[in-house]
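Let's take a friendly tour of a protein model together. Have the sequence and the 3D view ready, and look up each residue as you read.

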Amino acid sequence: KNMLDATVKETELEIEKTVEKKELRAGERNIYTVVVRNVGKYDAKDVEIEDTLIGNGRYIAESVKIENSEELEVEHLGNARFKIRVLPKGKELRVRYKVEYLKQEEDSVVTNKVSAKGSNTNKAEPKEKEGVRVKVLGVQDIVQKILPKAGKRERRQIAIYAIIGFVLIVPTII
């Protein structure tokens, strides 16, 4: 029997995610930034980053910008998924990309949940466990834009009164 003494050099990752705008209109684009740092004592190996887009948004692949991609071997696996062969201790990788929010009538919320895991690391998630949330304002008709706080029934009534008033007042003025 041969005895083998193995030591696993496990290290630690930190991951952070930010978004340029927390609220915007359907049809607009937003910029997300993901930063992965190796804060452990050893190099992190085979680190996979995955950013899951939940909601009415579309990831724009051609918008991806990766900092340090020359000195770090980074592979873009499609959508918001990346693999780093080795992330040296004390180093970070920064990825920026755009998301377009699809046109819709109703307001909605788009959430992004990002995580990173290496062959010698535990899974890293941002401090904000629920992910980055963006409020997407739906494409609304003119009455809703003018009277955003009124209920649907009230909006119709006010719109009708406004039209009737306009029809009655304009001829009087002319």
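The report below goes from the overall layout to ring pairs, salt bridges and surface patches.

## The overall layout

Please keep in mind that this is a predicted model. The protein has ten strands and two helices.

How much of the protein is buried? Of its 174 residues, 32% are buried.

## A cluster of tyrosine rings

How many aromatic pairs are there? The count comes to two aromatic pairs. In one of them, Y32 and Y97 are stacked, with 5.8 Å from centre to centre and 20° between the planes. Because Y32 belongs to strand β3 (residues 29–38) and Y97 to strand β8, this pair ties together parts that are 65 residues apart in sequence. Y32 has a relative accessible area of 0%, so it is buried. Y97 is buried too, with a relative accessible area of 2%.

Y97 also pairs with Y59, and here the rings are edge-to-face: 5.1 Å centre to centre, with 65° between the planes. Y59 sits in strand β5 (residues 57–67) and Y97 in strand β8, so the pair connects parts 38 residues apart in sequence. Like Y97, Y59 is buried. Put together, the ring pairs link Y32, Y59 and Y97 into a cluster.

## A network of salt bridges

Side chains of opposite charge can pair when their charged atoms come close. In this model, the count comes to nine salt bridges. One of them joins E16 to R37, whose closest N and O atoms are 3.3 Å apart. This pair links distant parts of the chain, since E16 is in strand β1 (residues 13–19) and R37 in strand β3, 21 residues apart. Are these two residues buried, exposed or partly exposed? E16 has 36% relative accessibility, so it counts as partly exposed. R37 has 23% and therefore also counts as partly exposed.

R37 meets E92 in a salt bridge as well, at 3.1 Å from N to O. Here, too, distant parts of the chain are linked: E92 lies in strand β8 and R37 in strand β3, 55 residues apart. E92 forms a salt bridge with R94, with 3.1 Å between the closest N and O atoms. R94 is partly exposed, at a relative accessible area of 23%. Through shared partners, salt bridges join E16, R37, E67, E92, R94 and R96 into one network.

## Patches on the surface

Which residues form a negative surface patch? They are E23, E105, E106 and D107. You can find E106 in the loop between β8 (92–101) and β9 (108–117). With 53% relative accessibility, E106 counts as exposed, because the cut-off for exposed is over 50%.

There is a nonpolar surface patch as well, made by I160, Y161, I164, L168 and I169, and it covers about 550 Å². Y161 has its place in helix α2 (residues 152–173). With a relative accessible area of 60%, Y161 is exposed.

Finally, look for L77, which is in strand β6 (residues 74–78). At 29% relative accessibility, L77 counts as partly exposed. L77 and I49 are 28 residues apart in sequence, and their C-alpha atoms are 9.5 Å apart in space.

Technical notes
Residues are numbered from 1 along each chain as its sequence is written. This is a predicted model: local features need pLDDT of at least 70, side-chain atom pairs count only at pLDDT 80 or more; totals for chains, interfaces and linings use all residues. Side-chain values use heavy atoms; hydrogens and water are left out. Patches are made of residues with over 30% relative accessible area and no salt bridge: like charges are joined within 9 Å, nonpolar side chains (Val, Leu, Ile, Met, Phe, Trp, Tyr) within 5 Å. Accessible areas come from the Shrake-Rupley method with a 1.4 Å probe; for residues, only the protein chains shown count as cover. A salt bridge is a side-chain nitrogen of Lys or Arg within 4 Å of a carboxyl oxygen of Asp or Glu. Lys and Arg count as positive and Asp and Glu as negative; His and the chain ends are not counted. The place of a charge is taken as NZ of Lys, CZ of Arg, CG of Asp or CD of Glu. Helices (H or I, at least four residues) and strands (E, at least two) are DSSP runs, numbered from the N terminus. Buried means under 20% relative accessible area, exposed over 50%, partly exposed in between (1.4 Å probe, protein chains only). Rings of Phe, Tyr and Trp (its six-membered ring) pair if their centres lie within 6.5 Å; planes under 30 degrees apart count as stacked, over 60 as edge-to-face and the rest as tilted.
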